[in-house]
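Please look over the structure below. Some questions and answers on its geometry come after it.

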Amino acid sequence: MKILIVGDGKVGYTLAENLSREDNDVTIIDKNPEALRKAKENLDVMCIRGSGVSVSVLLEAGVREADLLIAATSSDEMNMVVTLTGKKLGARRTIARIRDPEYANELSLLKLELGLDLVINPEQSAANEMARILHYPAAVNVESFAKGRVELVEIRMTGDEPIVGMKLRKISSRLLSPILIGAVERDGDVVIPDGECDIRENDILHVVGRTANTVDFCKAMGKCELRIRNVMIVGGGRIAYYLVRMLTNLGLRVKIIEIDRNRCLELAELLPGVLVIQGDGTDADLLQSENLGDMDAFVAMTGRDEDNLILSLMARKAGVRKIIAKVTRMNLAGLVESLELDSIVSPRLITANHILQYVRGIRNATGERIEALHRIVDGKAEILEFLLQERRWYLDTPLKKLGARKGFLVAAIIRNTEVIIPHGDDVLKLHDRVIVFAKTRALNSLDEVFRPGAAP
Amino acid sequence: MNRKAVLRALGIVLVCEAGFMLPSLFVAFHYREGESAAFLTTLFLLLSVGLPLTRIRVRIRELYARDGFAIVAFGWLSMAFFGALPFVFSGTIPGLVDALFESMSGFTTTGASILPVVEGLPRSILFWRSFTHWIGGMGVLMLTLAILPLFGAGSLHILRAESPGPSTGKLVPKIGQTAKILYGLYVGLTLAEIIALKIAGMSWFDALIHAFGTAGTGGFSNRNASVGAYGSLAINLIIGVFMFLFGMNFTLHYQITRRNWRFVLKDEELRFYVAMVAGATLFIAADLWVNSLFSPGPALEHAFFQVSSITTTTGFATADFHGWPVFSKVTLLVLMIVGPCAGSTGGGMKSIRVLMALKIIRRELVKMKHPQSVHTVRIGGRNVDDETLGGVTAFILFYLVLMVLAIFLVAMDSHDLETAFSSVVACLSNIGPGLSVVGPMGNYSGFHPLSKVVLSLCMVIGRLEIFPILLLAMPSFWRRVSI
């Protein structure tokens with residue numbers, strides 16, 4: 001697919017990196033030669049220097065043949081103009097990053113008027129993810145599939161869980177509720193486990209199941225005694241605004257610490273009923289005086305990754321049980337792993353996942369739509385949700401006959417309201433939703449999961 | 001340096017070279033020549049060295065700039081070495097230094113020869129000599145990039161180290177796709193020329209030899225008197241025009257196939273190149289006519305052919321230009337140094353660099369007059385950043401320094417100034433024939449082995465645009481921890 005990305009910032013670069021790896025023809029447009037240089041050196045993409053609003057630059061980049069135009073410059077208005085121009089010049093689909101809360105409320109109108117196919121708001125997505133994690137404090141991370149009917153939870157094994165040291169085969173017979181351990185993260189690598197795999201300390205399990213059942217599983221692991229009532233947030237950026245709005249709706253009490261006085265005033269005005277404190281969030285004394293230790297949850301989202309990581313460590317030392325850190329630079333991910341922090345949220349990565357899901361959905365013309373895509377461990381494995389819309393050769397054949405290839409796992413089948421954790425005798429049917437764990441990059445279609453010719 | 005990756009890439013290059021031997025082997029079988037044994041032996045050697053290297057498991061797949069340089073430099077040196085073996089094994093060129101010179105001259109598309117007589121040599125050997133031109137013209141590594149997705153994004157460093165020009169761009173976002181398009185254009189143009197030459201009256205074999213020589217801008221012929229031996233206006237014009245086409249930036253050919261005429265006509269380097277060729281042709285034709293060497297018609301014909309041949313650094317000849325007036329010879333010498341467009345198969349400094357240098361000079365002059373003035377250098381309406389300009393200045397400086405050094409060394413056994421000067425220029429710019437002893441009707445066989453080695457190095461330095469080979473000479477390049 002031919003993809004044009006306007007704006008080679010953090011999001012633009014991550015997108016270009018991921019999209020070009022999946023065999024798309026990516027062209028980046030940016031005014032800043034310094035930013036382009038990095039992309040030119042490290043990625044297999046074409047770089048064009050110029051303004052994305054300029055018609056001649058867009059034409060030079062081949063906007064007429066472009067299947068997708070993504071506007072990810074720092075300015076919302078610029079993004080709107082770029083996508084509008086691009087669409088008029090012949091770009092098949094357009095995606096714009098629009099993140100100002102002022103626009104966020106009129107998105108549907110904007111989408112219609114600008115002919116946008118997708119609007120991305122990294123801050124909003126990050127806030128959504130954080131809210132989900134806070135809502136489900138036992139897990140490191142939570143992702144929902146099939147419109148919330150199925151949940152994927154990440155749980156870290158600390159060593160005192162009853163299942164540590166057991167083989168997977170035995171675990172499933174001991175548990176009452178049907179769940180499935182789809183992937184095990186161990187030493188920075190991912191294993192798609194079989195029955196013989198044993199669970200060790202410090203593993204991170206990726207568990208799929210009906211929402212109620214995953215909660216049961218967490219309880220069985222002794223992890224669900226916590227319910228979050230108070231949250232402290234350091235850093236009052238856009239994510240904080242979106243997050244606090246969601247949290248107050250859920251009835252949580254929130255305290256924000258922000259260093260900039262004007263921003264504090266703004267927040268106080270926008271978010272009535274929320275305690276806004278002006279001060280340096282990295283100051284340990286301030287945090288103590290705002291009784292950090294008594295908080296149920298702590299969210300570090302200042303503009304600096306380093307501060308966020310250090311703040312998280314401080315919060316853990318103070319005894320806060322649920323900690324979320326915003327980390328933008330994902331090349332810090334390896335380091336974060338060794339700090340054993342619970343939850344890391346990266347707006348950039350969420351956005352990239354979102355767009356990848358969209359792009360693969362377009363590319364895939366085989367009648368299975370990709371409904372959701374979630375990548376784990378720095379993209380080493382991914383979890384996809386397919387919606388089966390057409391008759392395919394693998395339907396109505398027992399899974400054991402289809403024989404999934406190594407590195408793939410059919411984790412759940414959702415048929416109407418029923419959630420099936422599949423066994424060998426289960427079959428896929430038309431209009432099912434299927435959740436698949438895959439240890440490869442860029443899975444596009446279920447055809448790649450099953451051995452062709454296995455079907456009768 | 002990522003040694004494993006470099007070695008593996010080297011293995012792939014050698015296996016590719018083994019593949020390139022097959023056409024020559026076929027020619028040897030076809031004409032029932034005894035040289036097939038020489039090719040088979042070389043083929044076996046190439047595979048026995050290359051195949052084990054390709055089996056190396058590369059753990060770190062990322063390539064950085066210096067890995068790219070190392071792959072290109074080692075790749076070319078080893079290719080030239082193995083390419084020399086058929087000459088040695090077949091006994092056509094018994095001396096290793098001579099054979100290396102000939103092979104290097106082939107791969108770097110220089111076309112300088114140590115063979116006094118080529119007519120009567122085995123056809124398979126002549127074919128191999130010319131085929132190395134064709135391979136070297138676009139580059140082997142470019143071919144491997146087109147066929148195999150070797151190393152993800154890091155392959156850009158290989159592309160950059162191998163292809164000529166101050167800033168190598170891509171035609172389409174994917175490197176593999178870019179390499180495929182370039183090779184497609186290259187093959188297409190070569191086929192067109194083979195057919196045109198056949199129609200103009202050459203035999204298939206001669207047409208192939210001369211098309212390879214033109215495509216790579218090399219200049220090996222299977223006639224002692226080069227293209228002049230045919231004495232045909234049609235052949236002269238066909239080769240003259242195709243040389244000119246292969247001296248154009250291939251990006252322009254790509255834009256022509258896409259009917260993007262505006263892009264082509266706006267290209268400032270092309271304008272400079274056309275003006276240079278047209279101007280030099282007119283000056284030289286006038287000079288030849290005034291000195292009553294030719295009547296106006298043939299004067300234009302020979303002037304155009306020679307200017308096209310020298311500017312594109314091919315080195316075919318229709319006449320012995322060493323016997324031409326001094327003004328014509330000096331014009332040709334200047335063209336030798338300037339060379340054709342960047343992104344073509346030719347050598348030399350490249351028009352774009354000379355164009356930039358002229359603009360830098362103008363900028364400096366304006367700065368003298370108005371010290372506070374801010375002045376940007378623009379090519380084709382776009383600003384050229386200072387880093388590129390610095391690179392161009394450095395390149396020209398390096399080029400001249402190396403030229404002077406090589407002239408010093410070669411002067412030790414040259415019998416006149418013209419030979420010493422023109423042989424170095426002809427090798428560094430990948431042309432082939434120079435003036436006097438090494439003129440179009442002469443050859444390089446009279447030189448001392450040391451001079452031959454120096455000239456061989458000049459060729460590969462010129463083809464790879466100096467830096468890859470020069471980096472090998474730096475001790476710090478070899479250290480595991482490079483500071």
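Predicted model: local features only at pLDDT ≥ 70, side-chain atom pairs only at ≥ 80, totals over all residues.

Residues are numbered from 1 along each chain as its sequence is written, and chains are lettered from A and ligands numbered from 1 in the order in which they are written.

Q: What radius of gyration does chain B have?
A: The C-alpha atoms of chain B fill a box of roughly 60 × 60 × 50 Å along the principal axes. The radius of gyration is taken over C-alpha atoms, and the globule rule is 2.2 Å times the number of residues to the power 0.38. For 483 residues a compact globule would be near 23 Å, and chain B agrees, with 22 Å.

Q: Is B:Tyr399 buried or exposed?
A: A residue is buried if 20 or more other C-beta atoms lie within 10 Å of its own, exposed if 12 or fewer, and partly exposed in between, with C-beta atoms placed from the backbone. B:Tyr399 sits in helix α17 (residues 386-411) of chain B, where helices are DSSP runs of H or I with at least four residues, numbered from the N terminus. Because B:Tyr399 has 20 C-beta neighbours inside 10 Å, this residue counts as buried.

Q: Which residues does B:Tyr399 touch, not counting those up to four places away in sequence?
A: Two residues are in contact if their C-beta atoms, placed from the backbone, lie within 7 Å. With sequence neighbours up to four places away left out, B:Tyr399 touches B:Met349 and B:Ile466.

Q: How many residues does chain A bring to the contact with chain B?
A: Chain B brings eight residues to this contact. The chain A side has nine residues.

Q: How far apart are the C-alpha centres of domain 1 and domain 2 of chain A?
A: Chain A is divided into domain 1 (2-120), domain 2 (230-320) and domain 3 (363-448), with bounds from an automatic or database domain assignment. Between the C-alpha centres of domain 1 and domain 2 of chain A the distance is 33 Å.

Definitions and conventions
Helix = DSSP H or I, 4+ residues; strand = E, 2+ residues; numbered from the N terminus.
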